[in-house]
Amino acid sequence: MIPVARPDIGQEEIAAVTEVLQSGMLAAGRRVVELEERWASYIGTRHAIAMSNGTTALMSVFAGLGLGPGDEIITVGHTFNATVSSILFTGATPVFVDIEPDTWLIDADQIEGAISSRTRAICPVHLFGLPADLDSIMAIAVRHGLAVVEDACQAHGAWYGDRRAGSFGHGVFSLYGTKNMTTGEGGLITTDDDRLADWIRMYRNQGMRERYHHEILGYNFRLTDLAAAIGLVQLDKLDRNTDRRRSLAARYDAAFADLPVRTPVIPSGRTHVFHQYTVEVETDRDGVAADLAAAGIATAVYYPVPVHRQPYVLERGLGGGVLPVTDQAAERTLSLPMFPGLSDADQTTVIAAVRDAVERRASAARAPHPIREGASIR
């Protein structure tokens, strides 16, 4: 089976972890500090804060902004659950707006209509590796005095103009096993806000600056040196692996240009780092996925049930709104194998199977029904 994703782990990561194990310093130490310093430099922010995972990173940013009951954060339903559960963690309320039909990112034209006297922040999601419309979002935020929390968990190294995603508002990145850069589990926060960075560093460390002196209520959301050692090697590989992802995506684009599928759209001035290569299948998405599985090719649907339709959100009376583009994306999108180690030969196999499955399903949909074609039936 050709997988939909596979981490790029080699001897360099193994050696880095072995060195930490032999040092005896397994918890937060100098590797964590080095990873933070290098990531802040890479993204272009004053601070980077390493966290135990992307979810705790999001939770900590929202908590550090002082969000709570009665506050609202505008975001999307077409995202991974953590975007929304992290808002609810603080007691604040997610307010859902629809996405653009071509990029599947937050529709900036709908944001101002969702702003109320209780709105405190906007949380755009840079889905699949493509930054949202940050010029428009930041302009809206400035006009209304709102914070911007960039869910950049899938957008490591992506550019918007001459700046990296995660450098406009407060950025959050996931280091989960299948991300473009991984530590197995982990996260990174980027910000230029000195106060927020200082607060989060205490918050992730049981509320301590000094050992056993707990200034605030905090938790253990720290990253280990073992994980950071992997992350440092992964950062060394990131740009190279991003180039490979873009090369694979370009080949997919060319191969599918004549098919009834929509390939990823990249607006001018942005770069896509292709955490996922996702297409919109016009006819029988699930049938195409089944055909590919039968051919030994894994695919994935991100996401089959939008967050605004998840049971725990509906139970709170927060979801179920009319978001037609979001619903259509859930019904039609399909992600294909995309990882730096995908060989040219395996990609050729994927392309051939996709073409066969899409053309067969589209042809079946176009075929006239036998009853309609024949004489009337009495």
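Author: Rings of Phe, Tyr and Trp (for Trp, the six-membered ring) are paired if their centres lie within 6.5 Å, and the planes count as stacked under 30 degrees apart, edge-to-face over 60 and tilted for the rest. By that rule W199, Y203, Y219 and F221 come together as one aromatic cluster. The model you see is predicted, with local features needing pLDDT of at least 70 and side-chain atom pairs pLDDT 80 or more, while totals for chains, interfaces and linings use all residues. Numbering runs from 1 along each chain as its sequence is written, and side-chain values rest on heavy atoms, without hydrogens and water.

The structure holds 13 aromatic pairs, and one of them, formed by W104 and F128, is edge-to-face, with 6.2 Å from centre to centre and 80° between the planes. These two residues are 24 apart, and their pair links distant parts of the chain: W104 belongs to the loop between β3 (93–97) and α5 (111–114), whereas F128 belongs to the loop between β4 (119–122) and α6 (134–144). The helices (H or I, at least four residues) and strands (E, at least two) are DSSP runs numbered from the N terminus. W104 counts as buried because its relative accessibility is 5%, and F128 is buried too, at 3%; here buried means under 20% relative accessible area, exposed means over 50% and partly exposed lies in between, for a 1.4 Å probe and protein chains only. Y302 and Y303 form another edge-to-face pair, in which the ring centres are 5.5 Å apart and the planes make 70°. Of these two tyrosines, let us follow Y303, which counts as buried because its relative accessibility is 12%.

Y303 is in contact with T79 (heavy atoms within 4.5 Å), and leaving aside the neighbours of T79 within four places in sequence, its contacts are V125, L127, D151, Y303 and V307. T79 itself lies in the loop that runs between β2 (72–76) and α4 (82–89), and T79 counts as buried because its relative accessibility is 3%.

Rings can also have a charge over them, which here means that NZ of Lys or CZ of Arg is within 6 Å of the ring centre and within 35 degrees of the ring normal. The charged end of R163 is placed in this way over the ring of F168, at 4.1 Å from its centre, while R164 lies over the face of Y42, with 4.0 Å to the ring centre.

Last, a word on two cysteines, C123 and C153, whose sulfurs are 8.7 Å apart, too far for a bond. A disulfide needs a pair of cysteine sulfur atoms within 2.5 Å, and the structure holds zero disulfides.
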